[in-house]
Amino acid sequence: MVAEWEREEKVDGSQHTRAQNFQSTNPAFDAAFIANYQRIRDYVSRRTITHEVDDVVAETFTVAWRRWDEIPTEAEIQSLWLIRTARLTLLNLYRSNRRRNNLQLRLMAESQQEPLDTLGIDEAYEFTDSNLGAIFGSLSDDDQEILALMAWEGCSIAELAIILESSHNAAKMRLQRVKDRVRELIRGVEQ
Amino acid sequence: MSDNDSRRNELDPLESFELIEWLKTRDPLLGQPTQPPVNEDPVAQRIYAQVVQEQNRNVPHDATGKRPKSWYAKRLLVPVLVAATLLLSAAALLRTKPAVDLTQVGCYNVASLVDASVVVLPLEKSPIAQCREAWQNPEYKEVFSQERIPSLATCVLEGGVVGVFPNEPPNVCERLGLAVWDEDLEPAELQQELVSRITSQFLDKCLALSDGAQIARNELEALGLSGWTVTVAPASEPEFVCASLAFDWAASSITIVPIANLWVD
């Protein structure tokens, strides 16, 4: 594999090199990298701490390279496949670090809301940062991920199905269950 | 319900759901500075290079994404991939004992361990002489595209593999954090003979570790080098099943170094 590099000469005469193009011997991979790098980076950045982002993104594309023959050629499906891979990479990272999904922790930290079970029973329900955050925070990691994929990555059900490796109907049902669960939580807060 | 309403409901039944809307306002990337285009993003370029180098350790691809057959035998251009392979072998060597691998030389087109393309050749003469020939060889013109051959210097990569780099500005080995090649290590006639006889049997194929050790013992015996020893280094990865080798002239020993199977179709 040959990466093309451009030599640059600085004013002081010293030389350094920088990548000119993403050109390996697998042009299809290069195209996929260019087309999806930012989307994958955004996906990962939303879900883990800064110093782990580069490693997760690199691992995602490394897996893509290794399994290139298995990846669909259609651009949009390719992108979803990469998100799925990034998600699995993150899950492995969470497991290896023995810590909870950072997504929730990050949201909790940002909105500074109380966990749902600490909300006072007399608090009247209304959509505020506090109780919406509490509801979201009380969902399982998987349910949070489904909502986050829709809100942040703008995924449709069909796209969720690909990322979650399920059928369209199964994804639809999972989404419905999340919705039901949220309604239960809202009713719980309202009572 | 209109078609549009139906489609919207199908796509996002939670569309009107306030939790989704709330989540959108909590997007951790909101307010973050706009990222530069991928082609101008040094982080993206670094990650790309990291991915490519990582994969080139063991899996060469041609333009179709398939592995070329007999790529090593044909001395195909194996740029960054072989740099990684060299380092891989070097890492294995380092874990055993310091030794200089006189079986091959990596000719680098720039003074860098990361951004370079490398042509790797079996070491048959002085490393610099061999790399100068490579610089002049039309077969490698894509790698060595500079109009003139720069001053070259020989360094010892981590673990003992030999690399020849452009030495402009000078002291490239020091700048790269590498040991300078000690000319005393240039193989003497007997050493050349030993290297030649043994390595010729290691090239172009995946030799089992035990077979590699046996070949080394046989050749040592044939040359009357009875004081030499042959040891097999432990494999650092389970898939490292093929024999490469390193010579330790000071200790009069040959180490069989497990490497990945680079010849598999």
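Student: What should I know about the model before I start?

Tutor: It is a predicted model, in which local features need pLDDT of at least 70 and side-chain atom pairs count only at pLDDT 80 or more, while totals for chains, interfaces and linings use all residues. Residues are numbered from 1 along each chain as its sequence is written, with chains lettered from A and ligands numbered from 1 in the order in which they are written.

Student: What is the mean pLDDT of chain A?

Tutor: pLDDT is the predictor's confidence in each residue, from 0 to 100. For chain A the mean is 73, and 67% of the residues reach 70 or more. Where pLDDT is low, the predicted coordinates should not be read in detail.

Student: How many helices and strands does chain A have?

Tutor: Helices (H or I, at least four residues) and strands (E, at least two) are DSSP runs, numbered from the N terminus. Chain A has eight helices and two strands, in the order β-β-α-α-α-α-α-α-α-α from the N terminus on.

Student: Is Asn26(A) buried or exposed?

Tutor: A residue is buried if 20 or more other C-beta atoms lie within 10 Å of its own, exposed if 12 or fewer, and partly exposed in between, with C-beta atoms placed from the backbone. Asn26(A) is buried because 21 other C-beta atoms lie within 10 Å. Asn26(A) sits in the loop between strand S2 (15–19) and H1 of chain A. Of the 191 residues of chain A, 36% count as buried.

Student: At what angle do H1 and H2 of chain A pack?

Tutor: Axes are lines fitted to C-alpha atoms, for helices over the stretch in contact, and angles run from 0 to 180 degrees between N-to-C directions. Helix H1 (residues 27–45) and helix H2 (residues 50–66) of chain A pack at about 145°, their axes 10 Å apart. Residues are in contact if their C-beta atoms, placed from the backbone, lie within 7 Å. Among those making this contact are Phe29(A) and Ile40(A) of H1(A), and Val53(A) and Trp65(A) of H2(A).

Student: How do H6(A) and H2(B) cross?

Tutor: The axes of helix H6 (residues 141–151) of chain A and helix H2 (residues 18–25) of chain B come within 9 Å and cross at roughly 70°. Angles of 65 to 115 degrees count as roughly perpendicular, so H6(A) and H2(B) are roughly perpendicular to each other. Leu147(A), Ala148(A), Met150(A) and Ala151(A) in H6(A) meet Leu19(B), Ile20(B), Leu23(B) and Lys24(B) in H2(B).

How values were computed:
Contact = placed C-beta atoms within 7 Å. Parallel < 35°, antiparallel > 145°, perpendicular 65-115°, else oblique.
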